[in-house]
Amino acid sequence: MLDHIPLEAFRVFDAACRQMNFSKAGRELNITQAAVSRRIKGLEDHLGAALFTRRGKNLELTPQGARLFQRVRAALDYLEESLDPFRPVKGGTIAIAASGSVSHLWLGGRLRDFGKENPAISLRLLTSDTSSDLAAETNDLVILYSTGEHPRWDLTLMMPERLMPVASPDYLDSRDLDAGAVTVEQIALLDLIDYERFNAHWISFRQWFSRVSPALRLKLQSPRFSFSTYIMAIDAALRGDGIALGSLGLIEEQLADGRLVTVGSECLSTGYGYYLGLPKDKAVTPEARQLHEFLTGSEN
C-alpha cells in the first residue's frame, strides 16, 4: 500500500494533527489550506478510512486517525534523530565511551561540568562493559580498564585501581563496629555485597580475600547479596545493606561526603587502573582534545 501513497502526505497529516487546523498546517509547511485538504483527502481515499471528523472549523481525530498519528509521529521522530550525525554542529561533537560504573560514578558529573563551560559542544556518551565497544575507533575518547597499554589508544592514567571494603556508617553503627579496627576475618563474616565479573581481570570479594588473606579463601561464605552490575552493589552499600568492595577512585565522592567509609586497613592495588585514551591512528579534534585536557586537569 505504501507504494501508492505519496510520502509527503504523511508530513501533511502530521502537521494537521499537531495543529488541528488545516490553515495553520499549511502555513507551517508553506502550502495553501486547500493543498492540505487535498492531501488529507487523498490519504483517506488510499486508506479507505476517515482520519478526521470535521465539525464546522473544529477538527478531531477519529480513533483510526489517532492510531496512525502515533505511528507517523514516531517514524518522523526516528528519522529526525537519524539525521543528527549529518547536521553541522557549531561547536562540534565529542563521542566518549566508558563502562557503566565509570559513567555513573565518576564521568557523568564531570561531563555535566564540562558541558556547562562549553555549551556549544555536543557530548555523546556510549556506556558499555564490552571491551570492543569501548575501544571502537568511532569514539573520539575512551576510558579503559587497563594496565596502560593499548594498540590503538594513547592512554593517560586517571586513577589506579585500589580496592577496599566499604560500608555506610549506619550499617557499621548497627553492628557496633569501629570501621578502622575491623579485621579481614571479621569482614568475611559480615553481609558481603558482590557483583558479577564480566571481565577476567575484574576483582570481586573472592579474589580480594585470596590476595589479602590467602588462608581465608576456602572458608568464605557466599555473598549476602550479588548483583549483575558494580553500580547496583555500591547502591546497596549506600542503603546500608552490607559491605561492598570499593574501587576508591570511582567512589571518591561518596567517601568524601561520608556516605561510605572504608572498612579495615587492607587496601589492594591491582596494577590495573582507569585510563583516558586518545586515538593513535586518526586526527584528534580540537573539541576532543579540550575535553581530554579538562578531564586530566591539564588545561592552561
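Reply: What follows takes the helix pairs one at a time and then turns to the pocket. The model is a predicted one.

Start with helix H3, residues 33-47, and helix H1, residues 8-19. Their axes come within 9 Å and cross at roughly 110°. Angles of 65 to 115 degrees count as roughly perpendicular, so H1 is described as roughly perpendicular to H3. The crossing of these two helices is left-handed. On the H1 side, the contact is made by Glu8, Ala9, Phe10, Val12, Phe13 and Ala16, and these meet Val36, Arg39, Ile40 and Leu43 of H3. Sorted by class, the contact of H1 with H3 holds 8 nonpolar residues, 2 charged ones and no polar ones.

H3 also meets helix H2, which covers residues 22-29. Here the axes come within 8 Å, with a crossing angle of roughly 105°. H2 and H3 are therefore roughly perpendicular to each other. H2 contributes Phe22, Ser23, Ala25 and Gly26 to this contact, while H3 contributes Gln33, Val36, Ser37 and Ile40. The classes here are 4 nonpolar, 4 polar and no charged residues.

The next pair is H5 and helix H12, the latter spanning residues 286-296. Their axes come within 11 Å and cross at roughly 125°. H5 and H12 are therefore oblique to each other. The crossing of H5 past H12 is right-handed. From H5, the residues in contact are Leu107, Arg110, Leu111, Asp113, Phe114 and Glu117, and from H12 they are Gln290, Leu291, Phe294 and Leu295. This contact has 6 nonpolar, 3 charged and 1 polar residues.

The largest pocket holds about 540 Å³ of space. Its lining is made of 32 residues, and those nearest its centre are Ser99, Tyr145, Asn199, Trp202 and Tyr274. Among the elements that give two or more residues to this lining are the helices H5 (100-117), H6 (131-134) and H10 (230-239). The strands that do so are E5 (141-146), E6 (153-167), E9 (243-247) and E11 (268-279). E5 gives the most, with 4 residues. By class, the lining of the largest pocket has 17 nonpolar, 12 polar and 3 charged residues.

H5 links the two topics: this helix meets H12, and H5 also gives residues to the lining of the largest pocket.

Definitions and conventions
Residues numbered from 1 in each chain as written. Predicted model: local features only at pLDDT ≥ 70, side-chain atom pairs only at ≥ 80, totals over all residues. Heavy atoms only, no water. 1 Å grid on protein atoms, 1.4 Å probe; cavity = no way out; pocket = protein on both sides within 12 Å on 5 of 7 lines; lining within 4 Å. Points joined across faces, edges and corners; volume = space filled by probe spheres on them. Nonpolar A, V, L, I, M, F, W, Y, C, P; charged D, E, K, R; others polar. Axes fitted to C-alpha atoms, helices over the stretch in contact; angles between N-to-C directions. Parallel < 35°, antiparallel > 145°, perpendicular 65-115°, else oblique. Left-handed = near helix turned anticlockwise from the far one by under 90°. Contact = heavy atoms within 4.5 Å.
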